[in-house]
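The following exercises are to be worked through with the sequence and the structure in view. Each task is followed by a solution in steps.

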Amino acid sequence: MSNTNVQQQLQNMVKFIQKEAREKASEIEVKTEEEFTIEKARLLQTQKQKIGADFTRKEQQVQVDKKIAHSHEITRSRLAILRAREKGVNKVLEKASLELEQLSKGAGYKDLLVKLILQALQKLGDENEVLVQCREEDREIAAEAVELAKQAREKAGAPVKLILDVRNYLAPSREKAGPKTLTTCSGGVVLSARGRIFCDNTLDVRLKYAYESLVPEIRKTLFAAK
């Protein structure tokens with residue numbers, strides 16, 4: 001084979017190889033482009049899903065935060081209403097307490113003391129000797145009430161020795177105590193037997209019992225329309 005033929009064959013082989021290489025390169029390029037497009041689409045979809053999920057989570061958290069804030073606001077409002085109502089009820093008690101103290105200045109106070117003493121004696125039961133405590137400012141009128149209570153018990157066939165305690169007095173009234181005194185007494189008596197059995201029948205205690213039993217009714221009267 002001549003050199004010319006050899007050279008021709010070599011050139012043909014080179015052209016063939018180049019052609020195959022170009023086709024292979026083109027094929028690889030197309031496949032790479034397809035893979036890139038697919039991967040890009042996958043990544044975009046993944047990011048979209050991630051962003052969507054993140055947005056949904058944040059939106060849900062915002063709604064939860066709003067509900068929590070709303071719940072806290074409702075709780076604060078309810079507590080404020082309850083405090084205001086309790087304040088209103090306490091004002092009723094305070095007003096009643098102030099008016100109660102006026103009873104000890106009225107003409108019927110002595111009769112009231114007699115009734116309180118007799119009621120306390122019933123609670124104490126069968127006691128032969130009972131000590132009666134009163135406010136110092138009530139000493140004279142309490143002494144009269146004690147004598148009247150004795151007479152009432154004798155008429156009822158249940159005599160009892162009543163002794164007015166002139167050493168240990170109950171707390172004074174607000175008027176006598178002054179603004180700095182925390183413990184005061186609106187009036188009434190405290191009875192004791194044998195130094196250990198007590199019956200507190202002061203006006204303050206009676207008001208307390210009445211207040212506790214009437215609180216639901218007071219609240220209903222004050223706030224039913226609201």
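**Exercise 1: Cysteines**

C134 is buried, its relative accessible area being 1%; buried stands for under 20% relative accessible area, exposed for over 50%, and partly exposed for what lies in between, with a 1.4 Å probe and protein chains only. The model is predicted, so that local features need pLDDT of at least 70 and side-chain atom pairs count only at pLDDT 80 or more, while totals for chains, interfaces and linings use all residues. Residues are numbered from 1 along each chain as its sequence is written, and side-chain values use heavy atoms, with hydrogens and water left out.

Task: Determine how many disulfides the structure holds.

Solution. 
1. A disulfide is a pair of cysteine sulfur atoms within 2.5 Å.
2. For C134, the nearest cysteine sulfur belongs to C185 and is 9.4 Å away.
3. For C199, which is buried with a relative accessible area of 7%, the nearest cysteine sulfur is that of C185, 13 Å away.
4. The structure holds zero disulfides.

**Exercise 2: Partners of β1**

Task: Find how β1 runs relative to β3 and to β2.

Solution. 
1. β1 (residues 129-133) and β3 (residues 188-193) run antiparallel and are joined by three bridges. Among the bridge partners in β3 are V190 for Q133 and S192 for L131.
2. β1 and β2 run parallel, joined by four bridges; in β2, L164 is the bridge partner of V132.
3. From β1 the chain crosses through α3 to β2 in a right-handed β-α-β crossover: with the strands pointing away from the viewer, the path from the first strand over the helix to the second runs clockwise.

Note on methods
Two strands pair if DSSP finds at least two bridges between them. Helices (H or I, at least four residues) and strands (E, at least two) are DSSP runs, numbered from the N terminus.
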